[in-house]
Structure formats: C-alpha cells, structure tokens
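Take a look at the model below.

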Amino acid sequence: MMGMYDEQWSYLEKPKLEEIPSELQAYFEENVRKQEEKLGVVNTLFNILPLNPIQFKAFLDFMYSLFNTKNTYLDLVDKEMIGLVVSSVNCCNYCLTTHSDTLRRLTGDPVWVDTLTYNYRSAELTKKQRALCDYAFRATKYPDELTTKEVDLLREAGFNDHEILEAAFVVGFFNYTNRWVSTIGAIPNPKHNQNHR
C-alpha cells in the first residue's frame, strides 16, 4: 500500500517502507484490509508501529490471541468494556477514542458507551459486567493492593478460571498499551469520532 506511512500520527518518525521486511509489510497490509472491512476505519497504530516491524508483529500476534473469537473465553463487548475502564483510569485519550468507537459499533448504544466511558459505576451493567469493571478498575488503580479477593469476587459473579485469567491478561494488555500509546503521542483516526452518535 503505497503512501500508507506518509502522514504523521505520533511524536515518532514515520516508518520507512524500504526498512520493513517484505513479508512483514504484506502481513501488516493484510491486517489493514481486514480492519477496514470489519470496522470501516483503520487504527493509526498500523501507520506508526511498523517503525519497529518485528515488535509490531509480536504485538499483533499477542493482541489477536486475546481478541479472536474462536479460542477465547470472554465476549468482545466485555473486553472492549474493560478497555474503556482501564483507559479511563489512565486518562489515555487515544485508547478511549478507539475503544469507545469499537464498542459503539458492537452494541449500537452510544449513550451506554458514553456513560461507561465517563463513569462505569453509573452505567447499567449486568452483575458479571460490573464485576469485570470493578476488577479492571482496582487492578489498574491499585495494583499493589490486589489479593485473592479479586479472584474470589470474579468467581462469585460467575466467572470460571479460564475467564478470570483472560480478564487478567486483557486488563494487563490495556494498561501496557495505554502507557506506550501515551508516551508516543499517538493521534486517533478522525473517523473514530464520526460514529459518536
């Protein structure tokens, strides 16, 4: 895809096509096509992170291990909901923008998504959703205070241990992305904001 690295989307230098191994560039382009087909908008990280192509490939592989719908345990809505709670605590504008847009597309309920984004405690949630949000909040805000209580509360809400481990991975993954996305000053695709209402 000629010109895919022409725009400046972060504080970092733009990737140079000639410095990206051809097999990795083909993989990145395939993922861009899939994202356009599925969401109608491309996450600008696909235009930023090929600066370090091998690390970007590893990032994509781990992300897809958590978000494919074939071999995972939690619902995609629940994972994006976790992403909003974590990103809200961390004040990550980029991630709040992208996760809220994705969640609007998944649920068709922009008012609910906005409420969840600003203050999940005031959102209408099922018992299991509230338990996930509470866990995401505590694990992000107070990681030094985590005890067996977190697992107990998730089990009491009806989650099995496969789901609990995946929830822990997802919360950790979003905290990880929040920190480096904020560091590099990533700019969200303006198209994310077109689906606000």
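Cys 91 sits in the loop that joins α4 and α5. Helices here are DSSP runs of H or I with at least four residues, strands are runs of E with at least two, and both are numbered from the N terminus. Cys 91 has a positive phi of about 55 degrees, although it is not a glycine. In general, most residues other than glycine have a negative phi. Is Cys 91 buried or exposed? Cys 91 counts as exposed, at 62% relative accessibility. The cut-offs are simple: buried means under 20% relative accessible area, exposed over 50%, and partly exposed in between, with a 1.4 Å probe and protein chains only.

A word on the model itself. It is predicted, so local features need pLDDT of at least 70 and side-chain atom pairs count only at pLDDT 80 or more, while totals for chains, interfaces and linings use all residues. Residues are numbered from 1 along each chain as its sequence is written, and side-chain values use heavy atoms, with hydrogens and water left out.

Now step back to the whole chain. It has nine helices and zero strands. The radius of gyration is 17 Å, close to the 16 Å that the globule rule gives for 197 residues, so the chain is as compact as a globular protein of that length. That radius is taken over C-alpha atoms, and the globule rule is 2.2 Å times the number of residues to the power 0.38. The C-alpha atoms fill a box of roughly 55 × 35 × 30 Å along the principal axes. Of the 197 residues, 49% count as buried. Contacts (heavy atoms within 4.5 Å) also tell a story. Of those with a separation of 6 or more, 67% are between residues 24 or more positions apart.

One stretch carries a label. The UniProt record, an unreviewed entry, annotates residues 57-109 as "domain: Carboxymuconolactone decarboxylase-like". UniProt positions are given in the numbering used here, feature names are shortened, and annotations may be inferred rather than shown by experiment. Residues 57-109 are 77% helix and 0% strand, and their end C-alpha atoms lie 33 Å apart.

Next, look for empty space. Rolling a probe the size of a water molecule over the atoms shows where it is left. The search uses a 1 Å grid over the protein atoms alone: a cavity is a set of points where a 1.4 Å probe fits but cannot get out, a pocket is an open set with protein on both sides within 12 Å along at least five of seven lines, and lining residues have an atom within 4 Å of a point. Grid points are joined across faces, edges and corners, and a volume is the space filled by probe spheres set on the points.

The largest pocket holds about 810 Å³ of space. It has 29 lining residues, and the closest to its centre are Gln 35, Leu 39, Met 63, Tyr 64 and Glu 80. Which helix gives the most to this lining? Helix α5 does, with seven residues. By class, the lining has 16 nonpolar, nine polar and four charged residues. Ala, Val, Leu, Ile, Met, Phe, Trp, Tyr, Cys and Pro count as nonpolar, Asp, Glu, Lys and Arg as charged, and the others, Gly among them, as polar.

There is one cavity of 30 Å³ or more. The largest cavity holds about 40 Å³. Its lining includes Trp 9, Pro 15 and Ile 48.

Finish with two more residues. Val 111 lies in helix α6 (residues 110-118) and is exposed, with a relative accessible area of 52%. Thr 126 sits in the loop between α6 and α7 (127-141) and is partly exposed, at 43%.
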